Amino acid sequence: SSGINAEYGTDLFEFEFIPKLEDRSICAPWLHIEPQKGIVDPGNVMIINFTVYIDNRALKTIGPDRKLDEILVLHLVNGKDYFISVSGYLVQTSFGRKITDLVRIPDPIRRQNLLVDIEQSPDESPVDKESPVALNIPKELWRIVDYLYQNGLYEEELFAVRGSPMDIGAVRDAIDTDGPIRVSSVHSVAESLILFLDSFPDPVIPHEHYPVCLEHCTHFANSKRALRNIDFSHRNVFKYICAFLREILSH
């Protein structure tokens with residue numbers, strides 16, 4: 001996040017961010033502003049923080065060029081409007097990618113991104129749509145689960161305690177660049193696993209197969225038959241996560 005100083009002489013003033021003429025919200029879903037309005041006493045300073053946060057909802061609003069571009073309108077009550085530009089590019093990441101894409105990307109996704117024009121669509125590279133499946137599961141999933149297996153099997157409330165946002169960002173950077181996972185708490189890695197699975201555009205059990213799988217979830221033989229109809233990579237991820245959770249529960 002970053003901030004600006006707001007200091008205006010000897011007069012009290014009131015401000016607020018307002019939507020642009022054709023917009024309903026004051027900013028894009030990936031941008032958070034705090035505070036969005038306020039009153040500054042004479043001679044005082046107020047810091048306005050702008051935080052960029054990319055979640056699943058925000059990711060869907062970002063174009064294929066991965067460009068972040070927003071103009072904010074800062075309105076002074078009984079005064080004029082100021083326009084603030086916020087811009088940047090979304091770094092290539094495995095979060096928000098399809099499982100079927102990730103298994104076809106053998107190298108760290110951000111290392112591949114160094115060879116790709118920033119304006120290129122993420123759907124064009126580095127995925128080779130015609131190549132055979134190179135990996136049984138996404139390598140990023142294996143790295144997160146392997147860390148939890150090595151460091152979290154005996155951790156109490158492993159998926160019940162929230163992690164640190166800074167640590168979660170470090171986990172994402174590590175799996176995107178093939179760097180070491182260095183965190184202050186294993187709970188941050190556990191939460192990263194949940195966020196990673198939740199970020200898939202198509203869930204592990206695809207929407208079109210979910211009703212059938214749910215119907216047969218209490219019948220082992222029928223469940224196996226239902227899983228056979230799911231894409232190979234999705235099926236492998238489901239089995240891998242189930243095996244890991246069984247291992248966690250056994251401890």
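Mentor: Let's start with Lys239, which counts as partly exposed because its relative accessibility is 47%. On this scale buried means under 20% relative accessible area, exposed means over 50%, and partly exposed is in between (1.4 Å probe, protein chains only). A bit of housekeeping: this is a predicted model, so local features need pLDDT of at least 70 and side-chain atom pairs count only at pLDDT 80 or more, while totals for chains, interfaces and linings use all residues. Residues are numbered from 1 along each chain as its sequence is written, and side-chain values use heavy atoms, with hydrogens and water left out.

Back to Lys239, which sits in helix α9, residues 232–250. Helices here are DSSP runs of H or I with at least four residues, strands are runs of E with at least two, and both are numbered from the N terminus. Patch members have over 30% relative accessible area and no salt bridge; like charges are joined within 9 Å, and nonpolar side chains (Val, Leu, Ile, Met, Phe, Trp, Tyr) within 5 Å.

Leu245 makes a nonpolar surface patch of about 240 Å² with Phe159 and Ile194. Accessible areas come from the Shrake-Rupley method with a 1.4 Å probe, and for residues only the protein chains shown count as cover.

Now for the loop between α4 (139–151) and α5 (165–177), where you'll find Glu157. Glu157 has a positive phi of about 50° even though it isn't a glycine, and it is exposed because its relative accessible area is 56%. What does Glu191 touch, leaving aside its neighbours within four places in sequence? Its contacts are Arg162, Gly163 and Ile168, where contact means heavy atoms within 4.5 Å.

Arg162 is in the loop between α4 and α5 and Glu191 is in helix α6, so the pair ties together parts that are 29 residues apart in sequence. A salt bridge is a side-chain nitrogen of Lys or Arg within 4 Å of a carboxyl oxygen of Asp or Glu. Why can such pairs form? Side chains of opposite charge can pair when their charged atoms come close. Arg162 is exposed because its relative accessible area is 67%, whereas Glu191 is buried because its value is 12%. Salt bridges with shared partners also join Arg110, Arg172, Asp173 and Asp176 into one network.

Stepping back, the count for the model comes to 8 salt bridges. One of them pairs Glu70 with Lys20 at 3.0 Å, N to O. This pair links distant parts of the chain, with Glu70 in strand β6 and Lys20 in the loop between β2 (13–18) and β3, 50 residues apart. The chain as a whole has 9 helices and 7 strands, and 40% of its 251 residues count as buried.
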